[in-house]
Amino acid sequence: CAPRELAPTKDIVRLARDYGQARAPFLRVGFALTRHENGGMAMRSIACLPGLVGAFRKPGGGAHHDSGPCFELNYDRVTGKDQFQPATREINMVKLGEVLLEEKDPLVQALYVYNCNPAAIAPDQARVHAGLRRDDLFTVVHEQVHNDTVDFADIVLPAPTFLEYLDLYKSYGHHYLQIGKPVIAALGEAKPNLEVFQLLARRMGFDDPCFSLSEFQIMQEAFDSPSPFVAGIDFEKLKAGATLRLNVPEDGVGSDAQFSTPSGKIEFYSQAMAELGFDPLPSYSACTESPENHALHSRFPLQMVVPPSVHFLNSTFGAVAEQRERMGQPAVKIHPEDARARGIASGDAVRVFNDRGECQLSADVTEDMRQGVVAADSIWWAKHSPGGRGINTLVSNRLTDLGGGSTFHCNLVEVSK
């Protein structure tokens, strides 16, 4: 159908019939759906479809989102969660700006950042930056490259790349385990996370055994798990360089499959969902920022989605000049009708804004966009963006319905020349 039109009813009916009659219908569900306020319910609804047509019984049929849950290692031992006495406070990073500026019970006075670049990737970017600028916040950043978060640090610790340290690798796309060994020595004073944590622990006087375990010892503890998926994995073969598959069936699950629900069955009606306050049946609810919110939509009539760029993959790639050259410049894709109504042509400098702030981008007028929707690639560093503001300035810190994720695709904006 045309980009600005909704799918006609006949197309929806045809799709449903084709799916129901397929020999082995398979659904590969990506992560973008989870970036909506109603993303959890959307994923649940899709997961019910194979049960509706019996696809799980058919080799090659069913649905797949993420193979990560199959790696049922003993994460409590790896993270030390079983040793937290008392349990520590947990703060959702989606709320980082709000917490740094408003949380007083107790006030966050120190921030240690590793494996992350919150100044670029966290939503509600203006408040994140304001929080990081607090004079009374002591910030340590353990990092490989000079990213946006490093600019706010009181102390910067150099981190190695994956080529310089030992680690155990799992996946969210396949079912294989592998140990990656360093191929070069760590450069300069770079140290991996484990070594830094253990050095800090010793300096602080902690003598718990976990602070003296080697990488291989911690890996072995990870395999102390009752899961049948990891039973019998030969750790010595992994150490020797073998790539080993989890004990996950390679064919269909069959008619006697047991699912991880209270009943062991696919549950179209879920009592567990009801107890969480959700509709026990698959349902739909509109995002807070959507055309259904008439008052807000009248001021900001364009739905904005913020997908990751194919050239950056994650924010570390923002340090690579060649990758930035491939990207060109921070841009917003907009449908020709929406652009025409605003006097905008491709290549124009535009202002994209809402109540949270504004960004300066280049207009990319294209029929690839649905009318009423704009898209801007994310993970451009703010310091590489016009005006020093990244697209996450416009993203809300509201959480998804399940899982506490970020709502990168549920934001209303306006665009002007």
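# Salt bridges, a sheet and a cavity

Modeller: The side chains of Glu289 and Arg398 meet in a salt bridge, 3.1 Å from N to O. This is a predicted model, where local features need pLDDT of at least 70, side-chain atom pairs count only at pLDDT 80 or more, and totals for chains, interfaces and linings use all residues. Residues are numbered from 1 along each chain as its sequence is written, and side-chain values use heavy atoms, leaving out hydrogens and water.

Biologist: How many salt bridges does the rule count?

Modeller: A salt bridge needs a side-chain nitrogen of Lys or Arg within 4 Å of a carboxyl oxygen of Asp or Glu. By this rule the count is 18.

Biologist: How many residues apart in sequence are the parts tied together by Glu37 and Arg398?

Modeller: Glu37 and Arg398 form a salt bridge, with the closest N and O atoms 3.3 Å apart. Glu37 lies in the loop between strand 1 (26–28) and helix 2 (39–53), and Arg398 in the loop between strand 13 (373–376) and strand 14 (411–416). Helices (H or I, at least four residues) and strands (E, at least two) are DSSP runs, numbered from the N terminus. So the pair ties together parts whose separation in sequence is 361 residues.

Biologist: Is Arg398 buried or exposed?

Modeller: Buried means under 20% relative accessible area, exposed over 50%, and partly exposed in between (1.4 Å probe, protein chains only). Arg398 has 18% relative accessibility, so Arg398 counts as buried.

Biologist: Which residues are linked with Arg398 in a network of salt bridges?

Modeller: Glu289 pairs with Arg398, and Glu37 does too. The network of salt bridges links Arg398 with Glu37, Glu289 and Arg356.

Biologist: Which strands stand at the edges of the open sheet of three strands?

Modeller: The sheet has the order 6-7-8, with antiparallel pairing. Two strands pair if DSSP finds at least two bridges between them. Each edge strand has a single partner, so one side is left without a neighbour in the sheet. The edges are strand 6 (167–169) and strand 8 (244–245).

Biologist: How many residues in the lining of the largest cavity are charged?

Modeller: A cavity is a set of points on a 1 Å grid over the protein atoms alone where a 1.4 Å probe fits but cannot get out, and lining residues have an atom within 4 Å of a point. The lining includes Asp377 and Arg389. Asp, Glu, Lys and Arg count as charged. In this lining the charged residues number two.

How values were computed
On a 1 Å grid over the protein atoms alone, a cavity is a set of points where a 1.4 Å probe fits but cannot get out, and a pocket is an open set with protein on both sides within 12 Å along at least five of seven lines; lining residues have an atom within 4 Å of a point.
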